[in-house]
Amino acid sequence: MAAHQEKKPSEERNRKSTQNGTRTSQVQWGRAWEVDWFSLASILFLLMFAPLIVYYFIMSCDQYQCCLIDPVIDLLTGNKYLSDIWNKTPALTYRAAGIYTLWVTFQVFLYVYIPDFCHKFLPGYVGGVQEGAVTPAGVVNKYEINGLQAWIITHVLWFANAYYFHCFSPTIIFDNWIPLLWCANILGYAVSTFAMIKGYFFPTNAKDCKFTGNFFYDYMMGIEFNPRIGKWFDFKLFFNGRPGIVAWTLINLSYAAKQQELYGQVTNSMILVNVLQGIYVLDFFWNEAWYLKTIDICHDHFGWYLGWGDCVWLPYLYTLQGLYLVYHPVQLGTANAIGILMLGLIGYYVFRMTNHHKDLFRRTNGNCKIWGKKPEYIECSYMSVDGTKYHSKLMTSGFWGWARHFNYTGDLMGSLAYCLTCGFDHILPYFYIVYMTILLTHRCIRDEHRCLSKYGKDWKRYTSAVPYRLIPGIF
Ligand code: NDP
């Protein structure tokens with residue numbers, strides 16, 4: 001089997017090359033080959049508890065008006081048993097299964113069968129066939145970028161139905177939220193398991209597969225780098241973007257519709273959540289070609305972390321603010337609403353500009369202007385598995401000179417703004433900022449570890465030039 005041929009004997013895997021004066025493994029710069037006990041413990045924890053965490057949050061809203069403490073108090077005081085909570089939880093229904101199947105099938109159809117036309121008439125939009133980054137095995141994949149088009153078609157149909165056709169209620173997602181959770185879990189587990197089997201028996205590119213020998217680590221972090229079916233169905237691009245991010249704005253719209261149905265009005269906090277998260281989602285699709293150069297696509301393998309995460313974690317936990325506002329309709333004072341809007345927009349500006357500057361810098365190979373000046377950078381080099389040497393540049397100008405991940409800082413400002421729309425009565429809506437802080441800090445560390453393995457001594461020169469990660473002068 002091709003994938004097995006790729007499993008190298010340990011002495012060969014551990015072969016070191018002296019690159020830029022720093023000892024680095026030739027095959028180390030992708031995902032890890034060996035698993036330390038801390039990674040393994042974290043993975044086992046997530047595999048066991050992440051589905052429970054999602055269930056707990058959604059159940060707390062359904063049965064406890066979004067209060068996270070009351071279920072624990074009820075259980076500890078013997079007021080309720082686990083079986084009482086479980087028995088009150090809506091089960092999987094044929095209706096939810098039908099809705100979910102139709103939804104995913106429709107998104108597959110839009111992704112696979114409708115080539116992008118948006119780039120033909122939208123100035124500045126990059127769509128159609130685009131190239132990804134060089135993989136550790138030296139492969140450059142091509143992608144059909146048509147996410148914006150899928151998002152537009154889906155939302156036009158949604159509004160057409162809400163205002164003209166009335167085939168289904170715009171509250172359909174909220175009304176079936178827990179039965180849909182079971183469907184999302186089924187798909188999440190199915191696709192992660194399929195990806196694992198595929199990695200062993202029929203990988204798309206055997207040279208980009210990684211086996212640690214640890215079943216749980218491989219299941220969680222993935223074996224195949226870019227699993228595909230046929231030439232174009234790319235698992236990572238599809239699952240992150242389509243059932244996950246296209247759904248995000250639809251879910252928020254469904255929450256707004258539910259507020260309208262329950263209270264006869266949509267609160268300004270709900271509008272803020274819809275607008276700020278809508279900008280974030282639209283930004284993602286407008287820049288889908290840029291997404292090909294992010295860690296998700298460039299470095300992460302496709303396993304449970306991305307497969308289940310995109311199907312369940314993202315749509316259920318990234319939309320908690322809107323869900324909370326259905327149960328607690330907060331009407332913000334004008335000054336607070338404007339303050340939150342400004343925080344969200346400034347966060348978005350920082351996030352977008354930082355990402356744009358890196359993209360521009362890399363696309364033009366440094367021949368561009370950042371804040372009106374030619375950018376400064378550090379020259380660096382790295383090697384792919386076959387020993388080919390590549391050259392790259394790390395920019396030290398603009399926001400990239402302030403901190404090594406100032407794009408994350410902007411993202412965190414926006415995340416805080418979403419949470420603040422919900423006021424301070426409950427902690428549930430603040431889960432998002434806590435989670436994003438952990439996710440992005442961990443991502444910083446993970447990315448820097450990888451960059452050190454990839455660039456060696458050059459990366460150390462870069463971290464001396466830009467010493468802070470997220471907040472200049474502090475961290
Ligand atoms: P980055 O876009 O910051 O990409 C990091 C990579 O960029 C590095 O691995 C390196 O790759 C390259 N790089 C690092 N420093 C420099 C530099 N100074 N100059 C040029 N290139 C550099 O990270 P992510 O892909 O994680 O994030 C992209 C965006 O997505 C972020 O804004 C983040 O906030 C957002 N995000 C949002 C999430 C969410 O759930 N909402 C989750 C994750 C990310 P190379 O090997 O090419 O040198």
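Let's start with a pair of helices in this predicted model. Helix α12 (residues 235-263) packs against helix α13 (residues 268-286) at an angle of about 165 degrees, and their axes are 10 Å apart. Angles over 145 degrees count as roughly antiparallel, so α12 and α13 are roughly antiparallel to each other. Their crossing is left-handed.

If you want to find this contact on screen, pick out Asn240, Gly241, Arg242, Ile245, Val246, Trp248, Thr249, Asn252, Leu253, Tyr255, Ala256 and Gln259 on the α12 side. Facing them from α13 are Met270, Val273, Asn274, Gln277, Gly278, Tyr280, Val281, Phe284 and Phe285. By class, that contact of α12 with α13 comes to twelve nonpolar, eight polar and one charged residues.

Now stay on α13 and look at another partner, helix α18 (residues 334-363). Here the packing angle is about 5 degrees, with the axes of α13 and α18 11 Å apart. Anything under 35 degrees counts as roughly parallel, and therefore α13 and α18 are roughly parallel to each other. From α13, the residues involved are Asn268, Leu272, Leu276, Ile279, Tyr280 and Asp283. They meet Ala337, Ile340, Leu341, Gly344, Leu345, Tyr348, Phe351 and Arg352 in α18. This contact of α13 with α18 divides into ten nonpolar, two polar and two charged residues.

Keep an eye on Tyr280. This α13 residue is part of the contact with α12 and also part of the contact with α18. What does the side chain of Tyr280 have 2.9 Å from one of its N or O atoms? A nitrogen atom of the ligand.

An N or O atom in the side chain of Asp411 lies 2.6 Å from an oxygen atom of the ligand. For Asp447, a side-chain N or O atom is 2.5 Å from a ligand oxygen atom.

The axes of helix α3 (residues 37-64) and helix α17 (residues 320-327) come within 10 Å and cross at roughly 15 degrees, which makes α3 roughly parallel to α17. The crossing of α3 and α17 is left-handed. Phe57, Ile58, Cys61 and Asp62 of α3 make the contact with Leu320, Leu323 and Tyr327 of α17. Sorted by class, the contact of α3 with α17 has six nonpolar residues, no polar ones and one charged.

How values were computed:
Residues are numbered from 1 along each chain as its sequence is written. This is a predicted model: local features need pLDDT of at least 70, side-chain atom pairs count only at pLDDT 80 or more; totals for chains, interfaces and linings use all residues. Side-chain values use heavy atoms; hydrogens and water are left out. Axes are lines fitted to C-alpha atoms, for helices over the stretch in contact, and angles run from 0 to 180 degrees between N-to-C directions. Helices (H or I, at least four residues) and strands (E, at least two) are DSSP runs, numbered from the N terminus. Angles under 35 degrees count as roughly parallel, over 145 as roughly antiparallel, 65 to 115 as roughly perpendicular and the rest as oblique. A crossing is left-handed if the near helix is turned anticlockwise from the far one by less than a right angle, and right-handed if clockwise. Contact means heavy atoms within 4.5 Å. Ala, Val, Leu, Ile, Met, Phe, Trp, Tyr, Cys and Pro count as nonpolar, Asp, Glu, Lys and Arg as charged, and the others, Gly among them, as polar. A polar contact is a pair of N or O atoms within 3.5 Å; within protein, one must be able to donate a hydrogen and the other to accept it, and residues adjacent in sequence count only if both atoms are side-chain atoms.
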